[in-house]
Amino acid sequence: MLLAEVATVKGAHVRDDSWLAVDSSGRMFLAPSGSDRDILVLAPDGTVVEGFDLPQPDLDGSDIHSIYTSPKDQLQVFDHQRRRFVLGGDGALESTGTVPDVPHSLTFPGGESVVLQTMIFTPELIGFPLHLTAPDGTITRSFGADPPLYLPNRPEGQYRVISSLGDGRVWSSFLNQYRIELWDTTGVRLKTLEREADWFQPWAGDGADRPLVSGLRIDEAGLLWVLLLVPDTARTRQDPVEEAHGRIPADAWERMYDTVIEVIDPSRSQLLARQRDDRVFTRFTRDLVYSHRADGGGYWSIDVVRAHLKFTSNTEGG
Amino acid sequence: MKNPVKGSPRLVWCLLWVPLALALGRSEAIAQCDDCFNFSMGSTTWHYFSDEWRPLPNLYDGSHQTSQPGSCSQMHEPCDSEELDLEVLAEDAAALKQVLEGGSRAVVFNQERGALQLISCEGTVIGHLPLNEEQLAVLLEQ
């Protein structure tokens, strides 16, 4: 068994694009997204404990884009104005800065910097998917592609999901191919893992009915956890209904995909475990993954699940 | 071979339009627009690129197809850059040279990165294709 139910987060504050992040004590933070700038603190069982607001709540277009917890249990919040707020666990503001763009994925490579996965459209940086970024938002190095490439008619090739143990190295997976690379933050590619699977052929262009890598985590034991969305063949596929700005609502994703979670030992290039779930999990926060579910009547809930390896012991003799 | 420029008649029209415009004196009217992305003064066309104005010997810009002389808004109309395929263009040395030597603002050669870059109508870099040694040699021998 790989997946164990942890909590179900319910209530009017839950929306289909709410972000969740968990700290080292199991306390969760929920950003309802949408037009709000409030963050809710949840107990490990999913109940709301308290909430706090980000500063400058009345700026247009400044609603929360995403939240992450750092290894030091700081909360890193990005809004749509490309600002980053670093908050203590009590919600106290520690620093603010502006980043070049909001991240599609983010990890902490060690020290005070973060690595952002985003596209930066300047003559110097276009084509690099990863950006080592100082606390003030300054990019100190861009890397993650050799050679760097950006083709506007094939943007799916630019996305990565990333994870780091804080040792100055970053694991980075493509979205449209099952290819995971290990980079150091000086920009050197150290390793490439390529999983050959009939059910995941690299693709370009229209991603409908194609698998994609949606999340990646390197755990303390050095094992890679990969979240993969695969077409849901058990149900009648319905074309998603796009909302404004091309956003596809969570229930449409749910109809389109199942999730496969795989665990890989990168030192031996060996697949250790695999499990399929009919829900859609799109990111890791520590060892948790979560999935939005429509409860009917316009309400949403979030299933929070722990992804872990369960070993069975079969010791015989001395 | 695939045509490197989808909608190539439009490209031809653009390349022809600029010298015509200069000859007809439209350039002086355009130059009065402070916020225009491109403007022409005398026989030189200027292009706003990466926070600075640079002179270009010629201009390829679909926005010039509109016919409202002196109007700033016309300068922000869609141009052809989004219809160019960098990969196809890179494989066609003659077409690439023609576009670059024509003073295109849709495609530039970033020599420092050894790559072709595609520029949107608004001036943002929206494409980046590193060139192989053979492709680089063709460009650098110019």
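In the predicted model, strand β2 (residues 19–22) of chain A is covered on both faces, with Trp19(A) and Ala21(A) buried on one side and Leu20(A) and Val22(A) buried on the other. A residue is termed buried here if 20 or more other C-beta atoms lie within 10 Å of its own, exposed if 12 or fewer do so, and partly exposed in between, the C-beta atoms being placed from the backbone. Strands (E, at least two residues) and helices (H or I, at least four residues) are DSSP runs numbered from the N terminus. Local features of this predicted model need pLDDT of at least 70 and side-chain atom pairs count only at pLDDT 80 or more, whereas totals for chains, interfaces and linings use all residues. Residues are numbered from 1 along each chain as its sequence is written, and chains are lettered from A and ligands numbered from 1 in the order in which they are written.

Strand β2(A) runs antiparallel to strand β3 (residues 28–31) of chain A and is joined to β3(A) by four bridges, where pairing of two strands requires that DSSP find at least two bridges between them. Within this pair, Ala21(A) has Phe29(A) of β3(A) as its bridge partner. The two strands form a hairpin with five residues between them, and Gly26(A) in the turn has a positive phi of about 95 degrees. Strand β4 (residues 38–42) of chain A is paired with β5(A) in the antiparallel sense over five bridges, and Leu42(A) has Val48(A) in β5(A) as its bridge partner.

A further open sheet of four strands in chain A, also antiparallel, has the order β18-β19-β20-β21. Its edges are formed by β18 (212–218) and β21 (270–277) of chain A, each of which has a single partner strand and therefore one side without a neighbour in the sheet. The twist in this sheet averages 20 degrees from one strand to the next. Six bridges connect β18(A) with strand β19 (residues 224–231) of chain A in an antiparallel pairing, in which the bridge partner of Arg217(A) in β19(A) is Trp225(A).

Ile302(A) lies in strand β24 (residues 299–307) of chain A and counts as buried because 25 C-beta neighbours are found inside 10 Å. Although Ile302(A) and Arg15(A) are 287 residues apart in sequence, their C-alpha atoms are 8.7 Å apart in space. Leaving aside residues up to four places away in sequence, the residues touched by Ile302(A) include Val14(A), Ser18(A), Leu20(A) and Tyr290(A), contact being defined by C-beta atoms, placed from the backbone, that lie within 7 Å.

Chain A comprises one helix and 24 strands, and 36% of its 318 residues count as buried. Chain B has five helices and six strands, which run α-α-β-β-β-α-α-β-β-β-α from the N terminus on, and 31% of its 142 residues count as buried. The contact between the chains takes eleven residues from chain A and 14 residues from chain B.

Note on methods: Contact = placed C-beta atoms within 7 Å. Axes fitted to C-alpha atoms, helices over the stretch in contact; angles between N-to-C directions.
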